[in-house]
Amino acid sequence: MATPETTPVQPGTEAKWQGYVEPFVVGDPGRAAAGVVPLPDETAWDRKDTVLDAFALRDGRTRLVEVRAASVRGLAHRAYGRVRQDEYGFRRTADGRYLVICVADGVSSGELSHKAAMLVTRWGTKWLTGLLDRTEPADLQWGQFVRGVATQIEKYGRKLLRGREDIDAEKCDLRDVAHKLATTVLYAVVDLRAVDGAHTAHVVTVGDTSAWVLREGGRWEPQEAVKNDGAEVFSASVHALPLPPATDPVPVRTTIRAGEALVLMTDGIGDPLGQGTGPVGRFLADVWARPPASGVEFAAQIGFARKSFDDDRTVVAVWPVSQR
Amino acid sequence: MESEKAKILPFYVLIDVSASMSGRKLDEANQIMPQVVDALAQAPILADKVRFCVIDFGSDAQVRLPLCDVLDEHSSLPPLTIRGATSYAAAFRVLRSEIEINVKQLKADGYLVHRPAVFFISDGEPTDPEHEWRTAFGELTGFATYPNFVPCGVDQANPKVLASLIHPATGPKQMQMYLMEQGQNPADAIAAIAEILISSMLASGQSMAQGSSGMILPAKQDLPAGISAHSSDDFV
């Protein structure tokens, strides 16, 4: 083994530098924010704690939309040494017309659920983008698409489970596969061509991953029912693929214009957001009135500390750019 | 009203303070909550979600520590003191009333409340008429926010009576009963029950992080010495 020949050097004393990182906090941060010692998941060394993106989509030299995305491992998963089970994905159609986005939340109890989340966000987004080459978003057969994604998760799951002693990968029931890997999923198709300044978006959801429009003035508009409203005691059960939804998912159609944002999120951030009327709703409306400058900033905002909220958090947000 | 959905896991500890509990048994019972506090101080994820309530019961039942965050600097743990007979009925009625009030308040504050967990620790038989405490127990377990009820018996506690308090007694989420083994020191048994309570709390917290909302009890092989676990059909 070689030994270094140089002696240690001192940095210059006069160098100027600036900048600092300060965590976002909403109300009482709780003890976990400062007290958790993050541990790696030793069964999945390649899985990243946090991923993020920030970019603009253009038509020629015209900026159409700004996109920010981040997926952050929750404090509970850090504390117990488990992988981030959330994931996101996106892709633009070949003709440049549509942006396809996917946000997924792997079901916590499944040890391989992050693999299901990765599959629906990557493979699913690619497949959906392909369908849009020959189908208008309003004409998409969502039921068929979602069933196709479910089948793909099942196939992939059986492949991953091959050779294991605790389960017969080929013969076991679909429920047994879902027990090992399952994910909620939300797909959105955003029309990048605005009509009178408005971009149409179609959103389809299976499970408790949610879509919101942040309207001008900081008003949060949910694009479907808010979970656990009116339940007697809290239940952690969720709808998740590969188990097929009881009925075909119904797409929600909405429009967004400059000054507004389409915000797609997992329940790790949807739960503290609630109905958007509390302090978290205020905070996110303030910081997302415009697209944050960088992906790092966006991820830091998503990772805000608030007592007892310790789930994985994932958001993909789209801000239309004013053409005036 | 807040619109957020923070999750809360409420624990209720019911401790017998009838005359027979005096001495070392009471000393050990008084150590339960300080040990819970120590365990929570080491488990920040759980500490942010768990709330504890302590009720003691003798001739009557009293809330010694109203449901609270025990690491909060404003919460204090009053010592338990001995008070006469063993009224199970009083204990069940006060517990039901507390659960009802607490859950209602927590939900009004916008929390998602997990099903309450109860550790019921007694060293003797109920001194009130059977139909009275059975009726009170029926009312406790017969409403929408019924708790998961874990009876724990030491010394002269009647296994048959306690076994009939396990709730739910059957099904996928059935609870268990913990009993002091013959010939053990009852004070040590109370210390061991505190250990079971804490490991159950930690395991339930971890299972919440893995997406379950159920209460987890320790496996039989993980029980401290001198304590045995039983299900409702172990005593007929």
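What follows is a working chat about a predicted model with chains A and B.

Biologist: Before we start, what are the ground rules for this model?
Modeller: This is a predicted model: local features need pLDDT of at least 70, side-chain atom pairs count only at pLDDT 80 or more, and totals for chains, interfaces and linings use all residues. Residues are numbered from 1 along each chain as its sequence is written, chains are lettered from A and ligands numbered from 1 in the order in which they are written, and side-chain values use heavy atoms, with hydrogens and water left out.

Biologist: How many residues are in the largest nonpolar core?
Modeller: It has 82 residues. A nonpolar core here is a set of buried Ala, Val, Leu, Ile, Met, Phe, Trp, Tyr and Cys residues joined through side-chain atoms within 4.5 Å. Buried means under 20% relative accessible area, exposed is over 50%, and partly exposed is in between (1.4 Å probe, protein chains only).

Biologist: Which residues have the most contacts inside it?
Modeller: B:Phe52, B:Phe92 and B:Phe120. Helix H6 of chain B (residues 186-209) gives the most to this core, with 10 residues. Helices (H or I, at least four residues) and strands (E, at least two) are DSSP runs, numbered from the N terminus.

Biologist: What is B:Phe92 in contact with?
Modeller: Leaving aside neighbours within four places in sequence, the list includes B:Phe120, B:Trp133, B:Phe137 and B:Phe149. Contact means heavy atoms within 4.5 Å.

Biologist: And which residues does the second core include?
Modeller: That separate core has 31 residues, among them A:Leu128, A:Val185, A:Tyr187 and A:Leu241.

Biologist: Back to chain B. Is B:Ile99 buried or exposed?
Modeller: Buried, because its relative accessibility is 0%. B:Ile99 is in helix H3 of chain B (residues 88-108). Beyond four places in sequence, B:Ile99 touches B:Tyr12, B:Pro116, B:Leu140, B:Phe143, B:Thr145 and B:Pro147.

Biologist: How far apart are B:Ile99 and B:Tyr12?
Modeller: They are 87 residues apart in sequence and 8.7 Å apart in space, C-alpha to C-alpha.

Biologist: New topic. What area is buried between chain B and chain A?
Modeller: About 2700 Å², with carbon and sulfur atoms giving 55% of that. Buried area is the accessible area (1.4 Å probe) that two parts lose on being put together, summed over both. In chain B, B:Lys5, B:Ile45 and B:Asp48 lose the most area to chain A, together 24% of what that side buries.

Biologist: How many residues does the contact take from each chain?
Modeller: It takes 29 from chain B and 38 from chain A.

Biologist: How many salt bridges cross the interface?
Modeller: The rule finds 4 between chain B and chain A. A salt bridge is a side-chain nitrogen of Lys or Arg within 4 Å of a carboxyl oxygen of Asp or Glu. One of them joins A:Lys307 and B:Asp69 at 2.7 Å, N to O. A network of salt bridges links A:Arg31, A:Lys307, B:Asp48 and B:Asp69.

Biologist: What's the count over all chains?
Modeller: It comes to 33 salt bridges. A:Arg47 and A:Glu87 make one, at 2.8 Å, N to O. A:Arg47 lies in the loop between helix H1 (32-35) and strand E1 (50-59) of chain A, and A:Glu87 in strand E3 (residues 86-92), so the pair ties together parts that are 40 residues apart in sequence.

Biologist: Are those two buried or exposed?
Modeller: Both A:Arg47 and A:Glu87 are buried.

Biologist: Where does A:Arg147 pair up?
Modeller: With A:Asp248, at 2.7 Å, N to O. A:Arg147 is in helix H4 of chain A (residues 142-161), A:Asp248 in the loop between strand E8 (219-222) and E9, and the two are 101 residues apart. A:Arg147 is partly exposed at 41% relative accessibility, and A:Asp248 is partly exposed at 44%.

Biologist: Last one: where is A:Thr254?
Modeller: In strand E9 of chain A (residues 252-257). A:Thr254 counts as buried because its relative accessibility is 6%. Its side chain makes a polar contact with the side chain of A:Arg215 at 3.4 Å. A polar contact is a pair of N or O atoms within 3.5 Å; within protein, one must be able to donate a hydrogen and the other to accept it, and residues adjacent in sequence count only if both atoms are side-chain atoms.
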